[in-house]
Amino acid sequence: MISKRDFANVRLAWHWAAGQHNSDLINLMLEALNFYADMRARFVEGAKSYSKLRLTILLISTMTRRNSLIIACGCGVLARIILGSLVDTGERSELATEIKSIGKALEPFSSSADTAFSLLQTGMTLFLQEKYVDTRTYLEQAMQLYEQIDDPFYLADTINFVGLTNPEPEEVLDSYRRSLAIQQHIGDKNGIGWTLSHLARVSYLLHRYADGENYARQAIALQRQRNDRKGLSFSMIVGCLWAFRRGEWEEALEMAEEGLKLAQNLNISFFLKSALANLGLILIITEVDFERGEALCLQVNNEDINYIATATEAYSDALNGLVISNYMRGDAEATQRYFHNIPGSIQHKWGSITLMDRLYSVLSGILVLDMQGKTELALEVTALALTLPDPPGVVPLVWFRNWALIQRLCQRWRQELGDERYEAAWQRGARRDVPATIELLISGLDGAEVAPPPLPVTEPSTVQLTEREQEILGLLAAGLSNREIAAKLVFSLGTVKWYANQIYGKLGVGSRTQAIARARELHILS
C-alpha cells in the first residue's frame with residue numbers, strides 16, 4: 001500500500017513527467033495513481049492530476065501512435081475518478097459521450113484491455129444515469145473481453161457492477177460469490193472487502209441475517225486491518241441501514257455514529273449525506289436526541305450537493321426525520337411542509353425503487369393524518385404497514401413495529417375510537433391496497449386544517465416496562481446520573497439515554513422527575 005509520503009513523491013514525479021511530456025513515465029503511473037485516488041478517496045486531487053495530463057496532451061507537438069493510446073487510456077482513468085467521486089451531475093452527464101469517444105479512439109490499437117476498461121467506464125456512467133439495460137450491455141461486453149485476456153482483477157470488478165444492475169437478489173448473490181472467489185484467488189484484499197460488504201447487503205435483503213452478519217463482520221475486520229476508511233464507511237452505512245430496518249436501535253446507533261465520523265473525513269459527498277441522514281433519522285425515531293437529529297437532517301436538506309446517486313435514501317430519510325421532529329413539537333405547518341417534499345426526494349434513491357421503498361418513504365404521512373384529525377384513516381394506514389408480509393427480497397418494516405411513537409399512537413387511537421371502531425378500522429387497513437395507499441399519502445393530504453397532536457394518554461393498565469427498563473428506572477430513582485448508569489451496566493451513554501427516552505414515552509412524560517413521580521403513581525416504583 002502506498003503511504004501518504006510515497007504518494008507525495010509519486011505526485012511530484014507525475015507532474016514532472018507531464019511537464020516534460022514524458023509519455024512513457026506517465027504510462028507507468030496511470031493505474032497506480034488511479035487506485036490510490038480511489039482507495040483513499042482522493043478524488044479531487046486525482047482528477048486535477050489527470051486533468052493536467054489532458055493539458056499536456058494538447059501541448060505534445062508530435063502525436064505518435066503510442067502517445068495517442070496513452071492519451072485515450074489517461075482520459076479513461078480520469079473518467080473513472082470522476083465517476084468514483086459522484087460529485088457533479090453535469091460533469092458526469094458529459095462523460096457518457098466522452099467515454100464513448102475514448103472507445104472509438106482505442107479501436108485502431110486493437111488493445112483489448114483498454115477497450116474493456118472503456119466499456120466498463122461507459123457502463124458505470126450509464127448506471128448512474130439509471131439506464132440499466134444499456135448498462136448491462138456494456139458491462140457484459142467488458143466481461144467477455146476480460147475473460148478472453150485472462151484479467152481476473154478487472155473481471156471481478158466488472159462482475160460486481162453487473163450485480164448492481166440485476167433486479168433478482170439470488171442471481172446478484174451468485175455474481176458476488178463468483179467475484180469473491182476470484183478476488184480471494186488473486187489476493188485482492190481491497191476487492192474482497194467491498195465484495196463482502198455487497199454480499200452482506202444482499203443477504204440482508206433476502207432476510208438471511210446470519211449470513212449477512214457473517215459477511216459484514218469479515219468485511220469490517222479486513223477494512224479495519226487495512227485502514228480502508230472508504231470501504232469501512234460504506235460497511236457502516238449499509239450495516240446501520242439494515243440494523244435500523246430490523247428495529248435493532250442500539251446497533252444502528254453505534255454504526256451510524258462511526259459511519260458519520262468516517263464520512264466526515266472522506267472526500268465523498270454522497271457517503272457523508274447518507275451518514276448524516278442515517279444518524280439524524282435514528283436519533284429522532286428513537287427519541288434519543290431530537291435537537292441533534294434535527295440538525296443533522298437539516299444539514300442533508302440545506303446543503304445542496306449536485307448528484308443523483310446516494311448510498312441510502314438520504315434525502316427522504318432526512319425529510320422523514322424532520323416530519324417526525326416537528327410533529328413531536330406540535331408544529332403542524334412544518335410537519336406538513338416537510339412531508340410534501342418527500343415524493344420529489346424519492347428520485348434521489350440509489351438504484352431501483354420498489355413498491356416497499358415507496359411505502360417506507362411516506363409512512364410519516366400517518367402523522368400528518370393524525371394532525372388533520374383523520375384518526376381512522378391514520379389507523380388504517382398503520383394497520384396496513386403492521387400486517388404486511390415480510391418476504392425475502394422485500395425491505396423489512398420491523399422498525400415500524402418497534403417504533404415507540406406508533407405504539408403510543410395506537411394506544412391513544414383505541415381510547416379515542418373505542419374498541420369496536422378501532423378494530424373495524426384495523427380490519428379495513430389490513431385489507432388496503434398498497435399502491436392506492438401510497439398514492440393517498442403522496443397526493444391526498446392537502447386541504448385539511450391541521451392541529452397539534454394531543455399528548456399521548458397512557459393508562460396504568462397499558463404501561464409495560466421491560467426488565468431492563470425497570471432496572472434503569474430504579475437506578476434513575478436512586479439518583480444515579482446517566483453516565484453513572486452507563487458505567488454500572490457497561491453501556492454507552494447514548495444507550496442509557498435511549499432507554500430513558502423509551503421509559504419516558506411509555507409513561508407519557510418528558511423528564512426524569514416526571515417519570516419517577518408517574519411510576520410511583522402507577523405503583524411501578526415503591
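Trainee: How do you know that the end-to-end distance of helix α21 agrees with its number of residues?

Mentor: In this predicted model, helix α21 covers residues 375-387, which is 13 residues. The expected span is 1.5 Å times one less than the number of residues, so α21 should span 18 Å. Its end C-alpha atoms are 18 Å apart, and therefore the two values agree.

Trainee: Which residues of α21 are buried, and what covers them?

Mentor: The buried residues are T375, A378, L379, E380, V381, T382, A383, L384 and A385. Their cover includes α20 (365-371), α22 (398-401), α23 (404-430) and α24 (434-443).

Trainee: What makes the span of helix α13 agree with expectation?

Mentor: Helix α13 has 15 residues, 249-263, and should span 21 Å at 1.5 Å a residue. Its end C-alpha atoms are 20 Å apart, which is counted as agreement. The buried residues of α13 are W249, A252, L253, M255, A256, G259, L260, L262 and A263.

Trainee: Why is H207 called buried?

Mentor: Buried means under 20% relative accessible area. H207 has a value of 16%, so it is classed as buried. H207 lies in the loop between α10 (189-205) and α11 (209-225). Its phi is positive, about 65°, although H207 is not a glycine.

Trainee: Why does E287 count as buried?

Mentor: The same cut-off of under 20% applies. The relative accessibility of E287 is 7%, and therefore E287 counts as buried. This residue is in the loop between α14 (269-285) and α15 (290-302). E287 also has a positive phi of about 65° without being a glycine.

Trainee: What makes the packing of α16 and α17 roughly antiparallel?

Mentor: Helix α16 (residues 314-329) and helix α17 (residues 332-340) pack at an angle of about 165°, and their axes are 8 Å apart. Angles over 145 degrees count as roughly antiparallel, so α16 is roughly antiparallel to α17. The crossing of α16 past α17 is left-handed.

Trainee: Which residues meet between α16 and α17, and of what classes are they?

Mentor: From α16, L319, L322, V323, N326 and Y327 meet A334, T335, Y338 and F339 of α17. By class, this contact has 7 nonpolar, 2 polar and no charged residues.

Key. Residues are numbered from 1 along each chain as its sequence is written. This is a predicted model: local features need pLDDT of at least 70, side-chain atom pairs count only at pLDDT 80 or more; totals for chains, interfaces and linings use all residues. Side-chain values use heavy atoms; hydrogens and water are left out. Helices (H or I, at least four residues) and strands (E, at least two) are DSSP runs, numbered from the N terminus. Buried means under 20% relative accessible area, exposed over 50%, partly exposed in between (1.4 Å probe, protein chains only). Axes are lines fitted to C-alpha atoms, for helices over the stretch in contact, and angles run from 0 to 180 degrees between N-to-C directions. Angles under 35 degrees count as roughly parallel, over 145 as roughly antiparallel, 65 to 115 as roughly perpendicular and the rest as oblique. A crossing is left-handed if the near helix is turned anticlockwise from the far one by less than a right angle, and right-handed if clockwise. Contact means heavy atoms within 4.5 Å. Ala, Val, Leu, Ile, Met, Phe, Trp, Tyr, Cys and Pro count as nonpolar, Asp, Glu, Lys and Arg as charged, and the others, Gly among them, as polar.
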